[in-house]
Amino acid sequence: MARMIGLSAVDVDLLTGLNRFRLLTADQCVRLGMANPKHVRERLRRLLKAGLIHVTERGGLAGPHVYCLAPKGATTAAEWSEGRLALTPRKAPFGDTEHLNQRVAIVDVHMGLRAWAESVGAVVPWVRVEFDPNPSGLAPVTTVTHASLRYDADAVAHVTTADCENWLLAVEMETGGRTGSLSNFKARLDDRLTAFEQHVLEHALDWPKNSPTHRAARLLFVFKSPLMLEEAKKVARRKGGSVWRRVFFNSLPTVVDGFASGWWQVGETTGSPFRPVGAS
């Protein structure tokens with residue numbers, strides 16, 4: 001009976017991809033290598049008609065349609081795979097808000113990280129994003145607290161590089177709304193830096209301390225455009241402190257094309273966040 005459901009290989013890739021990344025556009029599915037653009041769109045329409053996925057329809061300048069996994073899609077995948085696929089769906093599609101563009105951009109960063117890791121033999125044990133389901137509470141799964149300090153990341157990831165070094169990354173995706181404003185970046189910068197000075201992320205996640213193979217967390221700011229990045233650099237240059245050794249800046253196009261390259265730091269150095277920094 002399970003084999004009568006009739007999922008194609010591309011259907012399975014789409015459903016499992018939506019499970020991994022939580023949301024995808026058709027173009028992102030193509031970039032993930034699922035199929036050519038025409039075939040991807042055909043299969044998305046079929047899955048949508050069958051009730052296996054949700055869609056947030058957008059038009060004009062709002063952005064591309066955004067797809068996510070529906071409960072029927074998770075159930076169908078489990079039946080089709082005879083229990084091998086255990087996927088986590090959403091009850092409803094994402095709301096059509098400006099915030100959705102930021103979430104699509106977070107997925108771009110996530111995709112860039114995994115593509116880079118695969119190309120260099122690194123492993124990504126887990127990635128958590130602020131729009132992951134959180135059955136244990138109302139706060140996003142990326143929200144952590146320690147010693148009365150709270151830190152809310154857009155995404156958090158654990159990466160193990162080929163040399164067996166373990167890296168804890170917090171990603172802040174700055175899209176700036178329709179105008180590319182830095183108001184959110186400026187308003188939250190000091191609190192974010194304080195959280196990193198106090199190692200809130202490491203304490204909250206029980207990251208191994210004094211381990212020769214586990215590095216202190218890195219704070220990665222990704223900006224929607226190179227123009228936003230250049231303006232953010234001006235803000236950063238006016239601030240001091242040793243915490244900047246673990247803070248990196250980049251723009252979305254560069255991160256998508258090569259995740260580990262082109263990261264800028266205060267002090268005008270450029271390189272990869274996957275390198276030892278002082279006594280961190």
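Glu174 is buried, with a relative accessible area of 2%. The model is predicted. Arg192 also counts as buried, at 2% relative accessibility. These two residues form a salt bridge, and their closest N and O atoms are 2.8 Å apart. Glu174 belongs to strand S7, whereas Arg192 belongs to helix H6. The pair therefore ties together parts that are 18 residues apart in sequence. The cut-off for a buried residue is under 20% relative accessible area, so Glu174 qualifies at 2%. Arg192 qualifies on that cut-off too, because its value is 2%.

A second bridge joins the side chains of Glu202 and Arg246, with an N to O distance of 3.7 Å. Glu202 sits in helix H7, residues 200-204. Arg246 sits in the loop between H8 and S9. The contact thus links parts that are 44 residues apart in sequence. Glu202 is buried, at a relative accessible area of 6%. Arg246 is likewise buried, at 6% relative accessibility.

The side chains of Glu98 and Arg178 meet in a further salt bridge, at 3.8 Å from N to O. Glu98 lies in helix H5, which covers residues 98-120. Arg178 lies in the loop between S7 and H6. The pair accordingly ties together parts that are 80 residues apart in sequence. Arg178 counts as exposed, at 65% relative accessibility. Exposed means over 50%, so Arg178 passes that cut-off. In total, the structure holds 16 salt bridges. Among the residues involved, Asp11, Arg43 and Arg46 are linked in a network.

Helix H8 spans residues 226-237 and has 12 residues. Its first and last C-alpha atoms are 17 Å apart. This is close to the 16 Å expected at 1.5 Å a residue. Which residues of H8 are buried? They are Met228, Leu229, Ala232, Lys233, Val235 and Ala236. These residues cover an arc of only 160° around the axis, so they lie on the same side of H8. What do the buried residues of H8 pack against? The partners include one helix, H6 (183-197). They also include strands S7 (166-174) and S8 (218-223). Strands S9 (247-251) and S10 (263-265) complete the set. Two of these partners, S7 and H6, also carry the Glu174 and Arg192 pair. The loop that holds Arg246 runs between H8 and S9.

Backbone geometry was examined next. Arg22 has a phi near 75°, a positive value in a residue other than glycine. Where does Arg22 lie? It is found in the loop between helix H1 (9-21) and helix H2 (26-31). Arg22 is buried, with a relative accessible area of 18%. This value falls under the 20% cut-off, which is why Arg22 counts as buried.

Glu268 also has a positive phi, of about 70°, although it is not a glycine. Glu268 is found in the loop between S10 and strand S11 (269-271). S10 is one of the strands that the buried residues of H8 pack against. At 46% relative accessibility, Glu268 counts as partly exposed.

Conventions:
Residues numbered from 1 in each chain as written. Heavy atoms only, no water. Helix = DSSP H or I, 4+ residues; strand = E, 2+ residues; numbered from the N terminus. Expected span 1.5 Å × (residues − 1). Buried < 20%, exposed > 50% of the residue type's maximum accessible area, 1.4 Å probe, protein only. Arc of directions from axis to C-beta. Contact = heavy atoms within 4.5 Å. Salt bridge = Lys/Arg side-chain N within 4 Å of Asp/Glu carboxyl O.
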